[in-house]
Amino acid sequence: MSLYPIVDAQSASPRRYPPQRVRRERERAARRRYPGDLTDAQWALIAPLVTPPVGGRRGRPPAHPMRAIVAAILYVTCTGCPWRALPREFPPPGTVYWWFARWRDDHTLMRLHDRLREQCRTAAGRHRHPTAGAIDSQSVRAADTVPRRSRGFDVAKKVNGRKRHIVVDTMGLLLAVMVTGAHVNDRSIARDLLWRTRLFHPGLRLIWADGGYIGTLST
């Protein structure tokens, strides 16, 4: 019976295990779940939006399953690793990023997010379109790789980095977001953020805000 060499971490010399054990270890590794892996039910919710149509499509068909592409994108989102650091079980990093950039630019990700938010609201017994929400901002430190033109210093919070301005519904689900340098005043960006929120969510009638938005919104 042939044996496969496997290096034992506790010994300087390689140990040999039967091929049945090697096969079991490989099968166990193939079944290992990563952050961002989707269940069959979760994939069924988003598959219609990210799966290219079959009929009348020109060019070569995708070389990798869309489910694997989505899982790789979610892995990067959950772990924060660089694209090039994707595990080998996923499609090539260049392919994964190409699909991510395409879905970002053609607003597929936005439509996907909106559909999931509507389903969450419906499941909670609410109307799928919100009528009230809240606006706020948060300054976060930026890594050294973030260029200076897109960062700033928040004097009040003593944070050098970026600021995310968000509008959420009463369930805390995201409606709109804008990212600026941390030095940008809340009121100076609120007018543009609220205009965009109103554009995509015309049913909104009430927005709560804290003291940082007191005064007239900048034009």
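## Overall fold

Among the contacts in the protein chain that link residues at least 6 apart in sequence, 53% join residues at least 24 apart. The model described here is a predicted one, and its protein chain has 6 helices and 7 strands.

## Burial and surface

Of the 219 residues in the protein chain, 31% are buried. The chain exposes about 15100 Å², and carbon and sulfur atoms supply 55% of that area.

## Packing of helices H3 and H4

Helix H3, which covers residues 66-79, packs against helix H4, residues 93-105, at an angle of about 85°, and the axes of the two helices lie 9 Å apart. Because angles of 65 to 115 degrees count as roughly perpendicular, H3 and H4 are therefore described as roughly perpendicular to each other.

On the H3 side, the residues that meet H4 are Met-66, Ile-69, Val-70, Ala-72 and Ile-73, while H4 contributes Thr-95, Val-96, Trp-99, Phe-100 and Trp-103. Sorted by class, this contact of H3 with H4 has 9 nonpolar residues and 1 polar residue, with no charged residues.

## Arg-148 in its loop

Arg-148 is found in the loop that runs between strand S3 (132-141) and strand S4 (152-154). Is this residue buried or exposed? Arg-148 counts as exposed because its relative accessibility is 78%, where exposed means over 50%. Arg-148 and Gly-181 are 33 residues apart along the chain, and their C-alpha atoms are separated by 8.9 Å.

How values were computed
Residues are numbered from 1 along each chain as its sequence is written. This is a predicted model: local features need pLDDT of at least 70, side-chain atom pairs count only at pLDDT 80 or more; totals for chains, interfaces and linings use all residues. Side-chain values use heavy atoms; hydrogens and water are left out. Axes are lines fitted to C-alpha atoms, for helices over the stretch in contact, and angles run from 0 to 180 degrees between N-to-C directions. Helices (H or I, at least four residues) and strands (E, at least two) are DSSP runs, numbered from the N terminus. Angles under 35 degrees count as roughly parallel, over 145 as roughly antiparallel, 65 to 115 as roughly perpendicular and the rest as oblique. Contact means heavy atoms within 4.5 Å. Ala, Val, Leu, Ile, Met, Phe, Trp, Tyr, Cys and Pro count as nonpolar, Asp, Glu, Lys and Arg as charged, and the others, Gly among them, as polar. Buried means under 20% relative accessible area, exposed over 50%, partly exposed in between (1.4 Å probe, protein chains only). Accessible areas come from the Shrake-Rupley method with a 1.4 Å probe; for residues, only the protein chains shown count as cover.
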